[in-house]
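Please look over the sequence and the structure below, then read the points by topic.

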Amino acid sequence: MTDQKQLAHDGLTDRFDELMDDYDLGRRTEVLVERFLGGQLHGKFVLDAGCGVGGVTRALVACGARVVALDIGRRLAAETRTRCGCDAIVGTLTATAFASGTFDAVLSS
């Protein structure tokens, strides 16, 4: 069942931008990245869990964060890597091999 979910999720890659609500993405980026994390991102190591095609990831990178993007979809992670120039991995937040305290911030939008 997990493989089917991953395939369905990954199948949206080509249409992801079209399906996303620009207002919603902009608002989440404003609140989470700009207001909540503010100017505290430069040089910080941040995990963006559930990165999609990198909408929020792009803002984190622009603020100077070193970002690892995470998504269950291989194509989504690859697209984020291409768009944002960051490391991107395939997996789930609960099944990563990162030790506690690896990241300065973990964001899931």
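Helices (H or I, at least four residues) and strands (E, at least two) are DSSP runs, numbered from the N terminus. This is a predicted model, in which local features need pLDDT of at least 70 and side-chain atom pairs count only at pLDDT 80 or more, while totals for chains, interfaces and linings use all residues. Residues are numbered from 1 along each chain as its sequence is written, and side-chain values use heavy atoms, with hydrogens and water left out.

**Overall make-up**

- The protein holds 5 helices and 4 strands, and from the N terminus on its elements follow the order α-α-α-β-α-β-α-β-β.
- Of the 109 residues in the protein, 34% are buried; buried means under 20% relative accessible area, exposed over 50%, and partly exposed in between (1.4 Å probe, protein chains only).
- Among contacts (heavy atoms within 4.5 Å) with a separation of 6 or more, 49% are between residues 24 or more positions apart.

- The 4 strands form an open sheet in the order β3-β2-β1-β4, with parallel pairing; two strands pair if DSSP finds at least two bridges between them.
- β3 (87–90) and β4 (105–108) are at the edges, each with a single partner strand, so one side of each has no neighbour in the sheet.
- From one strand to the next, the twist averages 20°.
- Strand β1 (residues 45–49) pairs with β4 in the parallel sense over 4 bridges.
- Val46 has Ala105 in β4 as its bridge partner, and Leu47 stands opposite Val106 in β4.
- In β4, Ala105 and Leu107 make up the covered face, whereas Val106 and Ser108 make up the uncovered one.

**Helix α5**

- α5 lies across β2 (66–71) and β3, and runs at about 180° to β3; axes are lines fitted to C-alpha atoms, for helices over the stretch in contact, and angles run from 0 to 180 degrees between N-to-C directions.
- The buried residues Leu76, Ala77, Thr80 and Cys84 belong to α5.
- These residues cover an arc of only 100° around the axis, which puts them on the same side of α5; the arc is that of the directions from the helix axis to the C-beta atoms.
- An α-helix has 3.6 residues a turn, so residues three or four places apart point the same way.
- Arg74 and Thr82 are exposed residues on the face of α5 turned away from its buried side.
- Thr80 lies in α5, which spans residues 74–84, and counts as buried because its relative accessibility is 0%.
- Not counting residues up to four places away in sequence, Thr80 touches Cys51, Gly52, Val53, Gly54, Thr57, Ala69, Gly85 and Cys86.
- Gly85 follows α5 and has a positive phi, near 65°.

**Cores and helix α4**

- The largest nonpolar core has 17 residues, of which Val33, Leu41, Val46, Leu60 and Ala65 touch the most other members; such a core is a set of buried Ala, Val, Leu, Ile, Met, Phe, Trp, Tyr and Cys residues joined through side-chain atoms within 4.5 Å.
- Two or more residues of this core come from each of α3 (22–37), α4 (55–62), β2, α5 and β4, and α4 gives the most, with 3 residues.
- Leu41 is in contact with Val33, Val46, Leu60, Cys63, Gly64 and Ala65, leaving aside its neighbours within four places in sequence.
- Phe45, Leu47, Ala49 and Phe103 are among the 6 residues of a second, separate core.
- Gly55, Val56, Thr57, Ala59 and Leu60 are buried in α4.
- Gly64 follows α4, and its phi is positive, near 95°.

**The loop between β3 and β4**

- Thr92 lies in the loop between β3 and β4 and counts as partly exposed because its relative accessibility is 30%.
- Leu70 and Ile72 are touched by Thr92, not counting residues up to four places away in sequence.
- Thr92 and Asp71 are 21 residues apart along the chain, and their C-alpha atoms are separated by 6.6 Å.
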